[in-house]
Amino acid sequence: MQCKGGKPQHSLSEFFYIIPNEWANKCNKKWICRACMEAIGSDNALQDKNMKITNTKRYCANHLRSCSYFAAKYSSEQINHILSSATSSKEQAHTDDEEENDSTHSSNSLLA
Ligand SMILES: [Zn+2]
């Protein structure tokens with residue numbers, strides 16, 4: 001897996017604070033949920049290892065889905081919209097491909 005320095009951030013980035021100088025691994029930074037940070041205070045959040053999330057879309061979406069502070073800030077409709085738009089758009093390079101052939105296509109080819 002290659003590590004590109006200036007990887008574009010996914011659409012969940014606006015809900016997270018990017019911790020300067022803190023890396024999950026050599027490619028990924030650590031982020032903190034802004035809703036959590038506001039709720040418990042940024043100093044506390046920065047000292048709490050459990051608050052720090054690797055900045056992949058999957059980890060961020062998982063956190064927001066289960067975050068009670070985030071749920072208190074946004075309605076469940078908003079959260080659903082935020083998460084579905086973040087997780088359905090694959091990468092920024094493929095914005096206009098069709099979304100209907102995800103699993104049906106591969107199962108058809110197995111049968112044929
Ligand atoms: Zn949170």
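1. Leaving out residues up to four places away in sequence, Cys 36 touches Ala 45, Met 51, Cys 67 and Tyr 69. Cys 36 sits in helix 1. With 23 other C-beta atoms within 10 Å, Cys 36 is buried, because the cut-off for a buried residue is 20 or more. One of its contacts, Cys 67, lies 31 residues away along the chain, yet the two C-alpha atoms are separated by 7.8 Å. Please keep in mind throughout that this is a predicted model.

2. The overall layout comes next. The protein has six helices and three strands. Read from the N terminus, the order of elements is β-β-α-α-β-α-α-α-α. The protein has 112 residues, and buried ones make up 14% of them. Among contacts with a separation of 6 or more, 46% join residues 24 or more positions apart.

3. Which residues have the most contacts inside the largest nonpolar core? They are Phe 16, Trp 31, Ile 32, Cys 33, Cys 36 and Cys 60, in a core of 13 residues. At least two residues of this core come from each of strand 2 (29-33), helix 1 (34-40) and helix 3 (57-66). Strand 2 gives the largest share, three residues. As background, nonpolar side chains in soluble globular proteins tend to be buried together.

4. Once neighbours within four places in sequence are set aside, Cys 33 is in contact with Phe 15, Phe 16, Ile 53, His 63, Cys 67 and Phe 70. Cys 67 is also on the list of residues that Cys 36 touches.

5. The next point concerns a pair of helices. Two packed helices are described by the angle between their axes and the distance between the axes. For helix 3 and helix 5 (residues 76-88), the angle is about 170° and the axes are 11 Å apart. Helix 3 is therefore roughly antiparallel to helix 5, since angles over 145 degrees count as such. On the helix 3 side, the residues that meet the partner are Lys 57, Ala 61, Leu 64 and Arg 65; on the helix 5 side they are Ile 79, Leu 83, Ala 86 and Thr 87. Sorted by class, this contact has five nonpolar, one polar and two charged residues.

6. Is helix 5 largely in the open or largely buried? The number of buried residues among its 13 is zero, so helix 5 lies largely in the open. From first C-alpha to last, helix 5 reaches 18 Å, close to the 18 Å expected at 1.5 Å a residue.

7. Ala 71 belongs to helix 4 (residues 68-73). Ala 71 is partly exposed, with 15 other C-beta atoms within 10 Å. The C-alpha atoms of Ala 71 and Ala 35 are separated by 8.8 Å, although these residues are 36 apart along the chain.

8. Most residues other than glycine have a negative phi. Asn 21 is not a glycine, but its phi is positive, at about 65°. Asn 21 is found in strand 1 (residues 16-23). Asn 21 is exposed, with 6 other C-beta atoms within 10 Å.

Technical notes:
Residues numbered from 1 in each chain as written. Predicted model: local features only at pLDDT ≥ 70, side-chain atom pairs only at ≥ 80, totals over all residues. Core = buried A, V, L, I, M, F, W, Y, C linked by C-beta atoms within 7 Å. Buried ≥ 20, exposed ≤ 12 C-beta atoms within 10 Å, placed from the backbone. Helix = DSSP H or I, 4+ residues; strand = E, 2+ residues; numbered from the N terminus. Contact = placed C-beta atoms within 7 Å. Axes fitted to C-alpha atoms, helices over the stretch in contact; angles between N-to-C directions. Parallel < 35°, antiparallel > 145°, perpendicular 65-115°, else oblique. Nonpolar A, V, L, I, M, F, W, Y, C, P; charged D, E, K, R; others polar. Expected span 1.5 Å × (residues − 1).
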